[in-house]
Amino acid sequence: MKRRAFIHTVSWASLTVVWEACTSKNGEQVPDNVFYTCSMDPQVMEKKPGTCPICKMALTKIVVDPNMKNAGLKLSDQQKQLANIQIETVALRPLGEEITLAAILTENKDKLATVTARVAGRIERLLVRNVGEFVRVGQPIYEVYSEELSAAQQDYLIAVQKQKVLKDADVNFRQLTEAAKNKLLLWGMNEGQIAELEKEGLPQKKLTVFSHYAGAVTEVLADEGTYVSEGTTVLKLADLSTLWAEGQLYMTELSFLNQTQEALVEMPYFPGRILKGKVNFVNPEVQTSSKILTIRVDIANGKKEYQPGMQAYVTLKGTVKNMIAVPTNALIQDTNGVTVWLENAEGAFESRMVSVGMTNKDYTEITDGLKAGEKVVISGAYLLNSEYIFKKGSNPMEGHKM
C-alpha cells in the first residue's frame, strides 16, 4: 500500500511553503536531483529524509531542476530588501597594508613630578590624600611640625631686627638677612609666609606646604603623624595633558616601521574617535619569552578625557598604492578558497573565486578574478551562498579553480 506525502519547497526570503507529493516503497533509490536539507542550516544536504544533525529539525525535501544548475541566482526586490543585499562597483582605490597593535594608555613619564619633604619634621595633617585627585600649582598639600624650621625662622627674625637697629655697623646684616631668608625658601616657605612671619615677629612651628607642581595624584607615600626626613617622598603627581599609548610589536613586524612612523590610536570607550600620533620610541629590549617589543605613541589629552590604564589600539599604515579592492565583508572564505558574489547585467547573482593580496580592516586587495566596473555584493553574501545551496543543491563554487 502506497503512502502519500508532500514535498516541502521553501522560498528563503518570502517564506512560502509548498509540499510536493511523492510516493515510494521502502528501499527505493532517491534520484540524483533530489536531496534533503534544513531550512535553518542549508549547508546540511542528505540523500534521505531525517532530522538535521545541527538543530534537530525535520529535513526538507528539495527537487533540483537540472536546467537551472548553472544559472544565476534570481531574487525579487522584496527578497533583496529582506536580505539587506548591498552592491558596490569594483574600482581602483588607494590601499596600504596596515597592522593593529593592542595597547595600554600610561602616564607620560617625562611629565611625572615628585613632592618631597624640604625639611625634617612630623606631618601634622595631609591636605591631599586621594589617588586620582588633581593638584594645582600653589595648592596646600600638607602641614609639617619642625623644630629645625622654627629655629631657622628665629634666626631670620633676629637678622631682620639687627639690620633695622644696626644700620651703620661693620657687619653686613643685609647679607645675613638674605641668607636666612634663602634658607627658609629652600625649606618650603614662600614669600607670603615669610612676609607674614616678619609682620607677626614670632616663629611658627607648624608650616603649611604648597605644591610647586600641577597634576593628578598617582601615589600618596606619607601618613599623618609620621616623621619625615629631608628628601622623603610625600606625593607623586602625573601631568595628564599628554599620555603614552604603549603597543606590543612582534619582531617580524619591526620592518613595518621603516615604511611609516605615523600612527592612529583608537579606544573602545570612544567609538569612532581616532587620534593621530607618531611613534616616538621603540624599546630596543625584546621580551625573550614572547619576542615582543614595546612602541610608544604620544597622544594629546587636554580635556583629561583619557585615563592611564585604558585599553587602546594602535594602527600603523604602510605605503599606499592604487589597486583593485573590495570591502573585506564581501569575501567568503572556506577550504576551497575565497569567493565573492557579483550581480550580472541581467540582475542575477553569481559566485566567482578570486585571489587576494594585502588587507586592512576595511578593504582587501583583489589580485585576480575581478575587474573595475563589475558589481560586487558587499552585504548579504553569506545569505546568497546559503540560498544557492538551498535552491540548487550544490556549492556555487563546486568544481571551480583559480
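Which cysteine sulfur is closest to the sulfur of Cys52, and how far away is it?

Mentor: The structure is a predicted model, with an average pLDDT of 81 over the chain and 84% of the residues scoring at least 70. The closest cysteine sulfur to that of Cys52 belongs to Cys55, at 3.7 Å. A disulfide would require the two sulfur atoms to be within 2.5 Å, so this pair is too far apart for a bond. Cys55 is likewise in no disulfide, and its nearest cysteine sulfur is that of Cys38, 3.4 Å away.

For context elsewhere in the chain, helix α2 (residues 147–165) packs with helix α3 (residues 173–186) at an angle of about 155 degrees, their axes lying 9 Å apart. Because of that angle, α2 is roughly antiparallel to α3. The contact includes Leu149, Ala152 and Tyr156 of α2, together with Phe173, Leu176 and Ala180 of α3. The crossing of α2 past α3 is left-handed.

One caution concerns residues 1–27, where pLDDT stays under 50. For this stretch the model has 41 contacts beyond four places in sequence. Where pLDDT is low, the predicted coordinates should not be read in detail.

Conventions. Residues numbered from 1 in each chain as written. Predicted model: local features only at pLDDT ≥ 70, side-chain atom pairs only at ≥ 80, totals over all residues. Heavy atoms only, no water. pLDDT = per-residue confidence, 0-100. Contact = heavy atoms within 4.5 Å. Axes fitted to C-alpha atoms, helices over the stretch in contact; angles between N-to-C directions. Helix = DSSP H or I, 4+ residues; strand = E, 2+ residues; numbered from the N terminus. Parallel < 35°, antiparallel > 145°, perpendicular 65-115°, else oblique. Left-handed = near helix turned anticlockwise from the far one by under 90°.
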